[in-house]
Amino acid sequence: MSTVSPGFTGRRRDGTELPPGQYLTHEFPVLSAGPTPHIRTEHWEFTVTTETGEQYKWDWAALMALPAEEITKDIHCVTRWSKLQTTWKGVSLDTLLADVETGADFVMAHSYGGYTTNVPLEDLLDGQSWIAYEFDGEPLDPEHGGPARLLVPHLYFWKSAKWVRGLVLSDTEDLGFWETAGYHEYGDPWKEQRYAGD
């Protein structure tokens, strides 16, 4: 019988390291905090609200009109699976936030269905995050967060909010759904920040 210690680092067959305590999967497990919302693209809207209450809004057509990027990134779930070289298409948060005037340091992502998660603003900029609407060359399935999800692949995957509908910028860090339930406020897989205090 094998055991996995908190400091265990998995290793791919080609020698590439996985974050501590992770195992490799070729599947795409579906984990959700509640029922899967089914949002039609004609009803989808994405809103960025600044700390002063100013709002910037995009409907689906406006999102599709923005420059899109092809993204290939590894993703790591707090439940210990990692899926490597996943391919996405979406709009960079750098593009969406380019004209947003803010002095905020923190962001709360809001999803259709009520889910929330907190992320430092700096983790959404400089080519680190996207609003993704395709996975593996196909429209993103609702089970995986379609029609669009936040993609922040350098953090544990619960930070990549499915069914994203907006970001609220703030001067203070409030905690989201899983964070108030005891998950780590940041969630770096390479530091194994699974739970508060890790």
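Strands β4 (residues 45-49) and β5 (residues 55-59) pair in the antiparallel sense over five bridges. Two strands count as paired if DSSP finds at least two bridges between them, and strands (E, at least two residues) and helices (H or I, at least four residues) are DSSP runs numbered from the N terminus. The model is predicted, so to speak of a local feature requires pLDDT of at least 70, side-chain atom pairs count only at pLDDT 80 or more, and totals for chains, interfaces and linings use all residues. Residues are numbered from 1 along each chain as its sequence is written, and side-chain values use heavy atoms, with hydrogens and water left out.

- Four of the five residues in β4 are buried, so the strand is mostly covered; buried means under 20% relative accessible area, exposed means over 50%, and partly exposed lies in between (1.4 Å probe, protein chains only).

**The largest pocket**

- The largest pocket has a volume of about 470 Å³.
- A pocket is found on a 1 Å grid over the protein atoms alone, as an open set of points where a 1.4 Å probe fits, with protein on both sides within 12 Å along at least five of seven lines.
- Grid points are joined across faces, edges and corners, and the volume is the space filled by probe spheres set on the points.
- The pocket is lined by 28 residues, and L31, S32, A33, K162 and W178 lie nearest its centre; a lining residue has an atom within 4 Å of a point.
- By class, this lining has 18 nonpolar, seven polar and three charged residues.
- Here Ala, Val, Leu, Ile, Met, Phe, Trp, Tyr, Cys and Pro count as nonpolar, Asp, Glu, Lys and Arg as charged, and the others, Gly among them, as polar.

- R194 sits in the segment after α3 (177-180), and R194 is buried, with a relative accessible area of 2%.
- The side chains of R194 and Q22 are joined by a polar contact of 3.1 Å; such a contact is a pair of N or O atoms within 3.5 Å, and within protein one must be able to donate a hydrogen and the other to accept it, while residues adjacent in sequence count only if both atoms are side-chain atoms.
- Leaving out residues up to four places away in sequence, R194 touches several others, including P20, Y156 and R80; contact means heavy atoms within 4.5 Å.
- A61, in helix α1 (residues 60-65), is exposed, with a relative accessible area of 55%.

**Backbone points to look for**

- Most residues other than glycine have a negative phi, and most peptide bonds are trans.
- R80 has a positive phi of about 95° although it is not a glycine; R80 is in the loop between β6 (69-76) and β7 (81-92).
- Q85, in strand β7, also has a positive phi, near 55°.
- G146 and P147 are joined by a cis peptide bond, with omega about 15°.
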